[in-house]
Amino acid sequence: MDDQGRGPDPRPAGAAGEPPESASETEPRPLPYEGVWRFTASAVDASVPQARHAVRDLLYRQGVPVSDDLAQGLLLIVSELVTNAVRHAAVLSPVLAVEVAVGAEWVRVAVEDNHPYRPTALETDHGRTGGRGLLLVREITREAGGICDIEHTAGGGKVIWAALPLKPVRVS
């Protein structure tokens, strides 16, 4: 899940369709805000606001050039992904990991747990409360011009991630 925040593609290293890394020594130097940060949290309800605040503070502290709309979208994605891990994976994964990777043109947030179940986005059912977190994550990501995916980890768990462009996408 660690590509050091470099390159044109925000997909985690080794993702399907990712171009091979070049060994070029002429790669540009990283911008001051580029990098990858990872922290773990217990799979408990209190971790949801803690993760959201940690990501918000990280973006601010590193000087990542995110608009207010993008920051709010990222924080909502983090909240939804951590909430899903707490609600659905805690039995098999008492600890979850949150990763923030920032490249020159994109920012990616990911949540990893050790539960093997791979969730699917539910369709809107107005008679039901809850159960639409992943649908919301996909919608926020799509509207921002980003990409999201769910991947299995080598340990049998999963990583759910969303990558959004730092600059707004023009809708024509």
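**Salt bridges and a nonpolar core**

We are looking at a predicted model, in which local features need pLDDT of at least 70, side-chain atom pairs count only at pLDDT 80 or more, and totals for chains, interfaces and linings use all residues. Residues are numbered from 1 along each chain as its sequence is written, and side-chain values use heavy atoms, with hydrogens and water left out.

Now the overall layout. The protein has three helices and five strands, and from the N terminus they come in the order β-α-α-β-β-α-β-β. Helices (H or I, at least four residues) and strands (E, at least two) are DSSP runs, numbered from the N terminus. Of the 172 residues, 40% are buried. The accessible surface is about 10,000 Å², and carbon and sulfur atoms account for 53% of it; these areas come from the Shrake-Rupley method with a 1.4 Å probe, and for residues only the protein chains shown count as cover.

Back to Glu139. What does its side chain meet in a salt bridge? The partner is Arg142, at 2.4 Å from N to O. By salt bridge I mean a side-chain nitrogen of Lys or Arg within 4 Å of a carboxyl oxygen of Asp or Glu. In general, side chains of opposite charge can pair when their charged atoms come close. Arg142 is exposed, with a relative accessible area of 53%. Both Glu139 and Arg142 sit in helix 3, three residues apart, about one turn of the helix.

Elsewhere, salt bridges with shared partners tie Arg38, Glu99, Arg108 and Glu112 into one network. Let's walk through two of its pairs. Glu112 and Arg38 meet at 2.9 Å, N to O. This pair links distant parts of the chain, with Glu112 in strand 3 and Arg38 in strand 1 (residues 35–42), 74 residues apart. Is Glu112 buried or exposed? Glu112 is buried, at 17%, while Arg38 is partly exposed, at 43%. In the second pair, Arg108 and Glu99 have their closest N and O atoms 3.0 Å apart. Arg108 is buried at 0% relative accessibility, and Glu99 is buried too, at 3%.

Next, the nonpolar core, which is a set of buried Ala, Val, Leu, Ile, Met, Phe, Trp, Tyr and Cys residues joined through side-chain atoms within 4.5 Å. The largest one holds 33 residues, and those with the most contacts inside it are Ile77, Val82, Leu96, Val100 and Val107. Among the elements that each supply at least two residues are helix 1 (47–62), helix 2 (68–89) and strand 3 (106–113). Which element gives the largest share? Helix 2 does, with nine residues.

Take Val107. Setting aside neighbours within four places in sequence, its contacts (heavy atoms within 4.5 Å) include Leu59, Leu74, Val100 and Ala162. Leu58, in helix 1, is buried at 6%. With the neighbours within four places left out, Leu58 touches Trp37 and Val100. The C-alpha atoms of Leu58 and Val100 are 8.7 Å apart, although 42 residues separate them along the chain.

How values were computed
Buried < 20%, exposed > 50% of the residue type's maximum accessible area, 1.4 Å probe, protein only.
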